[in-house]
Amino acid sequence: MKLIQNANIHDAIHDEACVGDILIDGSRIAAIGQSLAAPEGAEILDASGLDAWPGLVEAHGHIGLDGWAVGYEGKDYNEYNDPVTPQLRAIDAINPFDESLRDAVRGGVTTLCTGPGSSNVLGGTFAAFKPVGRCIDDMCLKPEAAMKCAFGENPKRCYRDKGISSRMNTAAKLREMLFKAREYMEKLDAAGDDPAKKPAFDLRLAALMPVLRREIPLKAHAHQANDILTALRIAREFDVKLTLEHVTEGALIVDELVKADVPLAIGPTFGQPSKIELQNKSWETPVILNAAGCRVSIITDSPVTQQSHLRFCAAMAIASGMPEADALRCITLNPARHIGVEDRVGSLEAGKDADLVLTEGSLFDMRGKIAGVFVNGERVAP
(Lines give C-alpha, C1' and ligand atoms only; values in the text may rest on other atoms or scores of the structure.)
Protein backbone atom coordinates (compact mmCIF):
# COMPACT_ATOMS: atom_id res chain seq x y z
CA MET A 1 0.00 0.00 0.00
CA LYS A 2 1.01 3.64 -0.48
CA LEU A 3 -0.04 6.75 1.42
CA ILE A 4 0.46 10.12 -0.22
CA GLN A 5 0.27 12.69 2.56
CA ASN A 6 -0.42 16.42 2.71
CA ALA A 7 -1.05 17.02 -1.01
CA ASN A 8 -3.21 19.86 -2.27
CA ILE A 9 -5.83 17.66 -3.93
CA HIS A 10 -7.74 18.69 -7.06
CA ASP A 11 -10.18 15.80 -7.49
CA ALA A 12 -12.07 17.06 -10.62
CA ILE A 13 -15.32 16.67 -8.67
CA HIS A 14 -15.22 19.70 -6.40
CA ASP A 15 -14.32 23.15 -7.68
CA GLU A 16 -11.96 23.87 -4.78
CA ALA A 17 -8.84 21.96 -3.86
CA CYS A 18 -8.16 20.79 -0.31
CA VAL A 19 -5.11 19.50 1.53
CA GLY A 20 -5.35 15.82 2.35
CA ASP A 21 -4.07 12.29 1.94
CA ILE A 22 -4.56 9.62 -0.72
CA LEU A 23 -4.37 5.96 0.27
CA ILE A 24 -3.54 3.55 -2.57
CA ASP A 25 -4.20 -0.16 -2.23
CA GLY A 26 -2.71 -2.03 -5.17
CA SER A 27 -4.00 -0.43 -8.35
CA ARG A 28 -6.93 1.43 -6.79
CA ILE A 29 -7.55 4.44 -4.58
CA ALA A 30 -8.69 3.08 -1.23
CA ALA A 31 -9.47 6.39 0.49
CA ILE A 32 -9.06 10.14 0.26
CA GLY A 33 -9.26 12.29 3.37
CA GLN A 34 -7.41 14.21 6.01
CA SER A 35 -5.00 12.65 8.50
CA LEU A 36 -5.50 9.13 7.17
CA ALA A 37 -3.82 6.46 9.25
CA ALA A 38 -0.95 4.70 7.50
CA PRO A 39 -1.54 0.91 7.34
CA GLU A 40 1.28 -1.21 8.65
CA GLY A 41 4.02 -1.53 6.07
CA ALA A 42 2.59 1.16 3.78
CA GLU A 43 5.00 3.23 1.70
CA ILE A 44 4.74 6.87 2.80
CA LEU A 45 5.18 9.76 0.37
CA ASP A 46 5.18 13.25 1.85
CA ALA A 47 3.61 15.51 -0.78
CA SER A 48 3.71 18.70 1.29
CA GLY A 49 3.86 21.65 -1.10
CA LEU A 50 2.74 19.53 -4.05
CA ASP A 51 -0.56 19.49 -5.92
CA ALA A 52 -2.31 16.22 -6.78
CA TRP A 53 -4.49 15.89 -9.89
CA PRO A 54 -6.25 13.02 -11.65
CA GLY A 55 -4.27 11.44 -14.45
CA LEU A 56 -5.13 13.33 -17.63
CA VAL A 57 -7.36 11.74 -20.27
CA GLU A 58 -7.15 12.25 -24.05
CA ALA A 59 -10.52 11.64 -25.72
CA HIS A 60 -9.31 11.69 -29.32
CA GLY A 61 -5.98 11.16 -31.03
CA HIS A 62 -3.93 8.80 -33.15
CA ILE A 63 -1.03 8.22 -30.80
CA GLY A 64 0.57 4.79 -31.12
CA LEU A 65 -0.70 4.56 -34.70
CA ASP A 66 1.33 7.50 -36.00
CA GLY A 67 4.84 6.76 -34.76
CA TRP A 68 7.33 9.04 -33.03
CA ALA A 69 10.09 10.21 -35.41
CA VAL A 70 9.19 7.85 -38.24
CA GLY A 71 8.34 8.24 -41.91
CA TYR A 72 5.42 6.91 -43.88
CA GLU A 73 6.24 3.33 -42.95
CA GLY A 74 5.44 4.07 -39.31
CA LYS A 75 2.03 5.64 -39.95
CA ASP A 76 -0.85 3.20 -39.50
CA TYR A 77 -3.79 5.47 -38.76
CA ASN A 78 -5.36 5.76 -42.24
CA GLU A 79 -6.31 3.02 -44.70
CA TYR A 80 -6.26 4.52 -48.20
CA ASN A 81 -7.45 1.52 -50.24
CA ASP A 82 -11.14 1.70 -49.35
CA PRO A 83 -13.26 4.60 -48.05
CA VAL A 84 -15.46 2.30 -45.96
CA THR A 85 -13.54 0.13 -43.47
CA PRO A 86 -15.55 -0.33 -40.24
CA GLN A 87 -13.92 -3.74 -39.74
CA LEU A 88 -10.54 -2.19 -38.84
CA ARG A 89 -9.51 -1.99 -35.19
CA ALA A 90 -6.94 0.32 -33.65
CA ILE A 91 -5.90 -2.40 -31.21
CA ASP A 92 -4.38 -4.33 -34.14
CA ALA A 93 -1.90 -1.54 -34.90
CA ILE A 94 -1.07 0.32 -31.66
CA ASN A 95 2.63 0.05 -30.90
CA PRO A 96 3.20 -0.12 -27.11
CA PHE A 97 6.89 0.68 -27.62
CA ASP A 98 6.26 3.95 -29.46
CA GLU A 99 8.12 6.78 -27.73
CA SER A 100 5.03 8.98 -28.03
CA LEU A 101 3.45 6.92 -25.25
CA ARG A 102 6.39 7.69 -22.97
CA ASP A 103 5.96 11.36 -23.88
CA ALA A 104 2.29 11.17 -22.90
CA VAL A 105 3.18 9.78 -19.48
CA ARG A 106 5.81 12.46 -18.94
CA GLY A 107 3.09 15.03 -19.59
CA GLY A 108 0.74 13.46 -17.04
CA VAL A 109 -1.56 11.79 -19.59
CA THR A 110 -2.49 8.38 -18.22
CA THR A 111 -5.46 7.35 -20.39
CA LEU A 112 -5.71 7.65 -24.16
CA CYS A 113 -8.35 6.97 -26.79
CA THR A 114 -6.72 6.41 -30.14
CA GLY A 115 -7.79 5.10 -33.50
CA PRO A 116 -8.15 5.58 -37.25
CA GLY A 117 -7.75 8.98 -38.85
CA SER A 118 -10.31 10.88 -40.88
CA SER A 119 -9.57 9.82 -44.44
CA ASN A 120 -12.40 7.26 -44.45
CA VAL A 121 -16.16 7.64 -44.25
CA LEU A 122 -15.97 4.76 -41.80
CA GLY A 123 -12.50 4.10 -40.43
CA GLY A 124 -12.86 1.44 -37.74
CA THR A 125 -12.83 1.30 -33.96
CA PHE A 126 -10.90 3.38 -31.44
CA ALA A 127 -9.35 1.81 -28.34
CA ALA A 128 -9.13 3.31 -24.84
CA PHE A 129 -5.93 2.29 -23.05
CA LYS A 130 -3.20 3.31 -20.65
CA PRO A 131 0.22 4.20 -22.09
CA VAL A 132 2.17 1.84 -19.85
CA GLY A 133 2.98 -1.77 -20.70
CA ARG A 134 4.29 -4.15 -23.34
CA CYS A 135 1.10 -5.82 -24.55
CA ILE A 136 -1.76 -3.63 -25.79
CA ASP A 137 -4.32 -6.29 -24.83
CA ASP A 138 -3.31 -5.87 -21.19
CA MET A 139 -3.17 -2.06 -21.44
CA CYS A 140 -6.72 -1.62 -22.76
CA LEU A 141 -9.64 -0.30 -20.76
CA LYS A 142 -11.92 -0.72 -23.79
CA PRO A 143 -10.51 -2.46 -26.86
CA GLU A 144 -13.43 -1.08 -28.91
CA ALA A 145 -14.56 2.23 -27.49
CA ALA A 146 -16.15 3.87 -30.55
CA MET A 147 -16.61 3.58 -34.31
CA LYS A 148 -14.87 6.33 -36.25
CA CYS A 149 -16.65 8.12 -39.09
CA ALA A 150 -15.67 11.31 -40.88
CA PHE A 151 -17.37 14.21 -42.61
CA GLY A 152 -16.04 17.23 -44.45
CA GLU A 153 -12.90 17.77 -46.48
CA ASN A 154 -10.81 14.72 -45.65
CA PRO A 155 -12.85 11.91 -47.28
CA LYS A 156 -13.37 14.16 -50.32
CA ARG A 157 -9.64 14.83 -50.64
CA CYS A 158 -8.46 11.29 -50.01
CA TYR A 159 -11.02 9.54 -52.23
CA ARG A 160 -11.73 12.07 -54.95
CA ASP A 161 -10.51 9.50 -57.52
CA LYS A 162 -12.30 6.60 -55.81
CA GLY A 163 -15.91 7.70 -55.73
CA ILE A 164 -16.23 10.60 -53.26
CA SER A 165 -16.18 14.22 -54.38
CA SER A 166 -18.92 15.81 -52.27
CA ARG A 167 -20.22 15.98 -48.73
CA MET A 168 -23.48 14.50 -50.05
CA ASN A 169 -21.75 11.31 -51.14
CA THR A 170 -19.91 10.98 -47.84
CA ALA A 171 -23.24 11.10 -45.99
CA ALA A 172 -24.83 8.73 -48.50
CA LYS A 173 -22.11 6.12 -48.09
CA LEU A 174 -22.46 6.23 -44.30
CA ARG A 175 -26.23 5.87 -44.54
CA GLU A 176 -25.87 2.98 -47.00
CA MET A 177 -23.62 1.05 -44.64
CA LEU A 178 -25.89 1.68 -41.65
CA PHE A 179 -28.94 0.55 -43.63
CA LYS A 180 -27.17 -2.62 -44.78
CA ALA A 181 -25.85 -3.34 -41.29
CA ARG A 182 -29.31 -2.89 -39.77
CA GLU A 183 -30.81 -5.27 -42.31
CA TYR A 184 -27.98 -7.77 -41.67
CA MET A 185 -28.54 -7.53 -37.91
CA GLU A 186 -32.30 -8.03 -38.26
CA LYS A 187 -31.75 -11.15 -40.37
CA LEU A 188 -29.30 -12.55 -37.84
CA ASP A 189 -31.71 -11.88 -34.99
CA ALA A 190 -34.60 -13.46 -36.89
CA ALA A 191 -32.51 -16.56 -37.68
CA GLY A 192 -31.92 -17.26 -34.01
CA ASP A 193 -29.99 -20.51 -33.61
CA ASP A 194 -30.85 -21.80 -37.08
CA PRO A 195 -27.64 -21.54 -39.17
CA ALA A 196 -29.56 -22.22 -42.39
CA LYS A 197 -31.45 -18.95 -41.99
CA LYS A 198 -28.44 -16.78 -41.20
CA PRO A 199 -27.14 -14.40 -43.87
CA ALA A 200 -23.64 -14.93 -45.25
CA PHE A 201 -21.10 -13.54 -42.85
CA ASP A 202 -20.01 -9.97 -43.64
CA LEU A 203 -17.20 -8.58 -41.47
CA ARG A 204 -17.92 -4.95 -42.34
CA LEU A 205 -21.60 -5.20 -41.46
CA ALA A 206 -20.91 -7.23 -38.32
CA ALA A 207 -18.51 -4.51 -37.16
CA LEU A 208 -21.34 -1.97 -37.23
CA MET A 209 -23.73 -4.03 -35.13
CA PRO A 210 -22.38 -2.69 -31.78
CA VAL A 211 -23.16 0.82 -33.08
CA LEU A 212 -26.71 -0.10 -34.04
CA ARG A 213 -27.19 -1.86 -30.70
CA ARG A 214 -26.02 1.37 -28.98
CA GLU A 215 -23.14 -0.46 -27.33
CA ILE A 216 -20.57 1.98 -28.74
CA PRO A 217 -21.04 5.42 -30.32
CA LEU A 218 -20.23 6.73 -33.73
CA LYS A 219 -17.21 8.98 -33.23
CA ALA A 220 -17.79 11.66 -35.84
CA HIS A 221 -14.99 13.84 -37.22
CA ALA A 222 -16.74 17.14 -38.03
CA HIS A 223 -15.26 20.64 -38.14
CA GLN A 224 -17.76 22.77 -40.06
CA ALA A 225 -21.20 23.56 -38.69
CA ASN A 226 -22.93 21.85 -41.64
CA ASP A 227 -20.92 18.67 -41.07
CA ILE A 228 -21.76 18.71 -37.37
CA LEU A 229 -25.45 18.99 -38.21
CA THR A 230 -25.21 16.15 -40.74
CA ALA A 231 -23.66 13.91 -38.09
CA LEU A 232 -26.48 14.74 -35.68
CA ARG A 233 -29.09 14.14 -38.40
CA ILE A 234 -27.78 10.68 -39.27
CA ALA A 235 -27.46 9.70 -35.60
CA ARG A 236 -31.12 10.59 -35.11
CA GLU A 237 -32.18 8.69 -38.24
CA PHE A 238 -30.61 5.45 -37.01
CA ASP A 239 -31.04 6.06 -33.27
CA VAL A 240 -27.35 5.54 -32.54
CA LYS A 241 -25.11 7.07 -29.92
CA LEU A 242 -22.83 9.86 -31.14
CA THR A 243 -19.80 11.78 -30.00
CA LEU A 244 -18.61 14.80 -31.97
CA GLU A 245 -14.90 15.24 -32.58
CA HIS A 246 -13.15 18.58 -33.31
CA VAL A 247 -16.34 20.73 -33.39
CA THR A 248 -14.35 23.70 -34.73
CA GLU A 249 -17.46 25.69 -35.66
CA GLY A 250 -19.50 24.58 -32.68
CA ALA A 251 -19.79 28.15 -31.41
CA LEU A 252 -21.84 28.99 -34.51
CA ILE A 253 -24.58 26.48 -33.56
CA VAL A 254 -24.57 26.54 -29.77
CA ASP A 255 -28.33 26.12 -29.42
CA GLU A 256 -28.33 23.02 -31.62
CA LEU A 257 -25.51 21.43 -29.64
CA VAL A 258 -27.17 22.21 -26.32
CA LYS A 259 -30.37 20.56 -27.60
CA ALA A 260 -28.48 17.52 -28.95
CA ASP A 261 -26.62 17.02 -25.64
CA VAL A 262 -23.88 14.80 -27.07
CA PRO A 263 -20.24 14.74 -25.88
CA LEU A 264 -17.96 17.20 -27.67
CA ALA A 265 -14.19 16.75 -28.09
CA ILE A 266 -12.85 20.15 -29.14
CA GLY A 267 -9.51 20.67 -30.85
CA PRO A 268 -6.76 20.61 -31.86
CA THR A 269 -6.59 24.38 -31.48
CA PHE A 270 -2.86 25.14 -31.35
CA GLY A 271 -1.52 26.45 -34.66
CA GLN A 272 -3.04 28.43 -37.50
CA PRO A 273 -5.93 27.16 -39.64
CA SER A 274 -4.46 24.88 -42.31
CA LYS A 275 -7.61 24.43 -44.41
CA ILE A 276 -10.94 26.12 -45.06
CA GLU A 277 -12.96 24.14 -42.55
CA LEU A 278 -10.63 25.34 -39.77
CA GLN A 279 -11.06 29.05 -40.53
CA ASN A 280 -13.09 29.62 -37.35
CA LYS A 281 -10.68 27.77 -35.06
CA SER A 282 -10.54 29.57 -31.70
CA TRP A 283 -9.76 28.96 -28.05
CA GLU A 284 -13.07 30.64 -27.28
CA THR A 285 -14.99 27.68 -28.74
CA PRO A 286 -14.56 25.34 -25.74
CA VAL A 287 -15.19 28.29 -23.41
CA ILE A 288 -18.48 29.20 -25.10
CA LEU A 289 -19.75 25.64 -25.33
CA ASN A 290 -18.76 24.83 -21.75
CA ALA A 291 -20.54 27.96 -20.50
CA ALA A 292 -23.66 26.87 -22.41
CA GLY A 293 -23.70 23.58 -20.49
CA CYS A 294 -22.30 21.27 -23.17
CA ARG A 295 -20.19 18.24 -22.28
CA VAL A 296 -16.79 19.52 -23.40
CA SER A 297 -13.46 17.73 -23.64
CA ILE A 298 -10.29 19.43 -24.86
CA ILE A 299 -8.11 17.32 -27.15
CA THR A 300 -4.68 17.43 -28.77
CA ASP A 301 -5.60 15.11 -31.67
CA SER A 302 -2.06 13.85 -31.14
CA PRO A 303 0.26 13.92 -33.01
CA VAL A 304 -1.29 17.13 -34.44
CA THR A 305 -0.41 18.63 -31.06
CA GLN A 306 2.15 16.78 -28.96
CA GLN A 307 0.34 14.62 -26.43
CA SER A 308 2.30 15.91 -23.43
CA HIS A 309 0.94 19.41 -24.15
CA LEU A 310 -2.65 18.48 -23.26
CA ARG A 311 -2.45 20.44 -20.02
CA PHE A 312 -1.30 23.53 -21.88
CA CYS A 313 -4.30 23.26 -24.22
CA ALA A 314 -6.48 23.50 -21.13
CA ALA A 315 -4.39 26.45 -19.94
CA MET A 316 -5.19 28.27 -23.19
CA ALA A 317 -8.90 27.74 -22.52
CA ILE A 318 -8.39 29.21 -19.03
CA ALA A 319 -6.65 32.21 -20.59
CA SER A 320 -9.70 32.62 -22.84
CA GLY A 321 -12.11 32.71 -19.91
CA MET A 322 -12.84 29.13 -18.79
CA PRO A 323 -12.88 28.59 -15.00
CA GLU A 324 -9.88 26.52 -13.91
CA ALA A 325 -12.02 23.81 -12.31
CA ASP A 326 -13.94 23.37 -15.57
CA ALA A 327 -10.70 23.29 -17.58
CA LEU A 328 -9.44 20.48 -15.35
CA ARG A 329 -12.63 18.50 -15.97
CA CYS A 330 -12.19 19.10 -19.72
CA ILE A 331 -8.97 17.04 -19.65
CA THR A 332 -9.97 14.49 -16.98
CA LEU A 333 -13.54 13.59 -16.07
CA ASN A 334 -15.28 14.85 -19.21
CA PRO A 335 -13.08 12.90 -21.64
CA ALA A 336 -13.34 9.84 -19.41
CA ARG A 337 -17.11 10.08 -19.81
CA HIS A 338 -16.72 10.82 -23.52
CA ILE A 339 -14.97 7.48 -24.08
CA GLY A 340 -16.98 5.52 -21.53
CA VAL A 341 -14.35 4.81 -18.87
CA GLU A 342 -15.45 7.21 -16.13
CA ASP A 343 -15.99 4.28 -13.75
CA ARG A 344 -12.21 3.74 -13.79
CA VAL A 345 -10.50 7.09 -14.40
CA GLY A 346 -11.02 10.85 -14.72
CA SER A 347 -11.26 11.90 -11.08
CA LEU A 348 -9.65 11.20 -7.72
CA GLU A 349 -12.22 9.10 -5.87
CA ALA A 350 -12.12 6.02 -3.69
CA GLY A 351 -12.57 2.90 -5.80
CA LYS A 352 -11.15 4.35 -9.00
CA ASP A 353 -7.82 3.47 -10.57
CA ALA A 354 -4.86 5.06 -8.80
CA ASP A 355 -3.86 7.24 -11.77
CA LEU A 356 -2.67 10.62 -10.59
CA VAL A 357 -0.21 13.43 -11.20
CA LEU A 358 1.81 15.36 -8.65
CA THR A 359 3.09 18.82 -9.58
CA GLU A 360 5.27 21.55 -8.17
CA GLY A 361 3.11 24.53 -9.03
CA SER A 362 -0.05 24.52 -11.11
CA LEU A 363 -0.69 21.88 -13.74
CA PHE A 364 -1.66 24.74 -16.05
CA ASP A 365 1.47 26.85 -15.53
CA MET A 366 4.29 26.54 -18.08
CA ARG A 367 6.65 26.78 -15.10
CA GLY A 368 4.80 24.03 -13.22
CA LYS A 369 6.92 20.91 -12.93
CA ILE A 370 5.47 17.41 -12.98
CA ALA A 371 6.95 15.77 -9.89
CA GLY A 372 5.33 12.35 -10.17
CA VAL A 373 2.99 10.33 -12.37
CA PHE A 374 1.24 7.20 -11.09
CA VAL A 375 -0.61 4.66 -13.22
CA ASN A 376 -2.47 1.81 -11.52
CA GLY A 377 -0.79 2.78 -8.28
CA GLU A 378 2.75 2.51 -9.62
CA ARG A 379 5.05 5.48 -10.15
CA VAL A 380 5.93 5.63 -13.85
CA ALA A 381 7.45 9.12 -14.16
CA PRO A 382 9.59 11.10 -13.82
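Reader: Is cysteine 158 buried, partly exposed or exposed?
Author: This is a predicted model, in which local features need pLDDT of at least 70, side-chain atom pairs count only at pLDDT 80 or more, and totals for chains, interfaces and linings use all residues. Residues are numbered from 1 along each chain as its sequence is written, and side-chain values use heavy atoms, with hydrogens and water left out. Buried means under 20% relative accessible area, exposed over 50% and partly exposed in between, with a 1.4 Å probe and protein chains only. Cysteine 158 has a relative accessibility of 25%, so the residue counts as partly exposed.

Reader: How far is the sulfur of cysteine 158 from the closest cysteine sulfur?
Author: A disulfide is a pair of cysteine sulfur atoms within 2.5 Å, and by this rule the count comes to 0 disulfides. Cysteine 140 is in no disulfide, as the nearest cysteine sulfur, that of cysteine 135, is 8.8 Å away. For cysteine 158 the closest cysteine sulfur is in cysteine 149, too far for a bond, at 15 Å.

Reader: How are helix 4 and helix 6 oriented to each other?
Author: Helices are DSSP runs of H or I with at least four residues, strands are runs of E with at least two, and both are numbered from the N terminus. The axes, lines fitted to C-alpha atoms over the stretch in contact, with angles running from 0 to 180 degrees between N-to-C directions, come within 11 Å and cross at roughly 20° for helix 4 (residues 167-191) and helix 6 (residues 225-238). Angles under 35 degrees count as roughly parallel, over 145 as roughly antiparallel, 65 to 115 as roughly perpendicular and the rest as oblique. Helix 4 and helix 6 are therefore roughly parallel.

Reader: Which residue in strand 16 stands opposite valine 375?
Author: Two strands pair if DSSP finds at least two bridges between them, and strand 15 pairs with strand 16 (residues 378-381) in the antiparallel sense over 3 bridges. Their hairpin has 2 residues between the strands, and there asparagine 376 takes a positive phi near 55°. Opposite valine 375 stands glutamate 378.

Reader: Why is strand 15 largely enclosed by the rest of the structure, and how many of its residues are buried?
Author: Strand 15 also runs antiparallel to strand 14 (residues 356-360), to which 5 bridges join it, with leucine 356 opposite phenylalanine 374. Strand 15 (residues 369-375) is largely enclosed because its buried residues number 6 of the 7.
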